[in-house]
Every structure is written in C-alpha cells, then in structure tokens.
Amino acid sequence: MNLKAVILAGGKGERIGGNKPLVSLNGKPLIYLTLQNISSLFPEVFISVKTAEQKEKIQQALVNYNLRIKDEFFILDKDPRLMGPVSGIFSAMDFFSRSF
C-alpha cells in the first residue's frame, strides 16, 4: 500500500495572526517544521492550499530552507466557497480519486 499524507495549509490562521503555514516557531515556518516531521513517515507528502497565491508563498518560504516542492505536490481547493478543513479534505479526496 502506498500511503500519502496531506498537510491542510489553506486556512486563514486568523487566531494566530494570519497565514498559519508561514508563522514562525523557533525561527522556522510551521509548514517547514511540519514537512520535516511528516516526511520521514510517508513516502509522498502533499500540501493542500486554498489559492495559487498561498502555494506560491509557501514555495518561496521553503526555498529559504533549500526545500523545493514541485507544483504537482500542491492540491488547490476544488471549491473555494467551502470553508475550513472540509474544503481541503474534499479537494484532496477528489485529487487522489482522479490522479491515482
């Protein structure tokens, strides 16, 4: 069985001051720390985001840590009108049902 992980990174992060994946903890963005921890557990890790702009910001931030995530490992929300983590989960399920 080929397991895959999806990091839900499309939230607004209003409770922590905005753009949660890029919020710094111990000098590093949360998305970087999450990828570090989860990549040893899963052979493939995908990142779910609400918009292409979020994807680009995450990609730019990760380059600073010599980590380049290809476009095909990002999942854009299928229906941006859906709110919360359900949107990312729905989009990931749709992505995997069509891609694999």
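Residues are numbered from 1 along each chain as its sequence is written, and side-chain values use heavy atoms, with hydrogens and water left out. Because the model is predicted, local features need pLDDT of at least 70 and side-chain atom pairs count only at pLDDT 80 or more, while totals for chains, interfaces and linings use all residues.

The twelve residues of α2 should span 16 Å at 1.5 Å a residue, and its end C-alpha atoms lie 17 Å apart, which agrees; the expected span is 1.5 Å times one less than the number of residues. Its buried residues (under 20% relative accessible area, with exposed over 50% and partly exposed in between, for a 1.4 Å probe and protein chains only) are Q54, K55, I58, Q59, A61 and L62. They pack against α1 (30–38), β4 and β5, where contact means heavy atoms within 4.5 Å.

Helix α3, residues 85–99, has 15 residues and reaches 21 Å from its first C-alpha to its last, close to the 21 Å expected. Its buried residues include S87, G88 and F95, and what covers the buried residues of α3 includes β1 (4–8), β4 (44–49) and β5 (74–76).

Within α3, S87 is buried, with a relative accessible area of 0%. Leaving aside residues up to four places away in sequence, S87 touches K50, D77, D79 and L82.

Definitions and conventions:
Helices (H or I, at least four residues) and strands (E, at least two) are DSSP runs, numbered from the N terminus.
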